[in-house]
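Keep the structure open beside the text as you read.

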Amino acid sequence: NNRAKKTASKVAKPVQQRPRTVRTKPKFYLPKTKRLTRTPRVLQTISTYTQVKDPANPYNVLLCPLTSDKIMQKLENGNIMAFLVNPRSNKVQIKDAFRALYTSEVRSVNTLIRPDGKKKAYIRLAVESEALKVASKIGII
């Protein structure tokens, strides 16, 4: 009956209530609590999400050439070609991949993300390399 005596002694004592804090200001400030340092199982950096898996392989960067009436007009008049590219590739990687695949100099690269989520790159070739020759070599003309 040891347990019964312990319980009886607890019941006999009055229940202690925590004293209420009197609030004197209208603003409530969240109390400072213990902050533990993070210990992730896998180290996550921004580069794990944003980098192309193998940027040295140009086929991972340039996916396919685009052909439409507007793009063909740019090809003939502005020496500009259009490609669908990897959404995580940057302009420098696009430039290097084009140079590696088609052995022609690139003047500038403009990129945009289409409404369907794919990335399009307008590649403007240098004056000495003609976009029409490159396009015929690819087989889009």
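Buried here means under 20% relative accessible area, exposed means over 50%, and partly exposed lies in between, with a 1.4 Å probe and protein chains only. Helices (H or I, at least four residues) and strands (E, at least two) are DSSP runs, numbered from the N terminus. Please bear in mind that this is a predicted model, in which local features need pLDDT of at least 70 and side-chain atom pairs count only at pLDDT 80 or more, while totals for chains, interfaces and linings use all residues. Residues are numbered from 1 along each chain as its sequence is written, and side-chain values use heavy atoms, with hydrogens and water left out.

Look now at the partners of strand 4. Strand 2 pairs with strand 4 in the antiparallel sense over six bridges, and Ala82 stands opposite Tyr122 there. Strand 3 and strand 4 are also paired in the antiparallel sense, over seven bridges, with Thr111 opposite Ala121. Two strands pair if DSSP finds at least two bridges between them. The hairpin of strand 3 and strand 4 has five residues between the strands, and Gly117 takes a positive phi near 95° in this hairpin.

Next comes the packing. The largest nonpolar core has 18 residues, and those with the most contacts inside it include Leu62, Met81, Ile94 and Ile123. Such a core is a set of buried Ala, Val, Leu, Ile, Met, Phe, Trp, Tyr and Cys residues joined through side-chain atoms within 4.5 Å. Strand 2 (80–85), helix 5 (91–102), strand 3 (106–113), strand 4 (119–125) and helix 6 (131–138) each supply at least two of its residues. Helix 5 gives the largest share of this core, four residues. Apart from this core lies another one, of six residues, among them Leu66, Ile80, Leu84 and Tyr122. Gln93, Ile94, Ala97, Phe98 and Tyr102 are buried in helix 5. Seen down the axis of helix 5, the buried residues fall within an arc of 130°, so they line one face of the helix; the arc is that of the directions from the helix axis to the C-beta atoms. Val92 and Ala100, on the other side of helix 5, are exposed. The cover over the buried residues of helix 5 includes helix 3 (58–61), strand 1 (62–65) and strand 4.

Finally, turn to two loops. Asn79 sits in the loop between helix 4 (69–78) and strand 2, and counts as buried at 18% relative accessibility. Ser129, in the loop between strand 4 and helix 6, is buried too, with a relative accessible area of 12%. Asn79 touches Ser129, and Arg124 and Glu130 are also among its contacts.

Note on methods
Contact = heavy atoms within 4.5 Å. Lists of a residue's contacts leave out its neighbours within four places in sequence.
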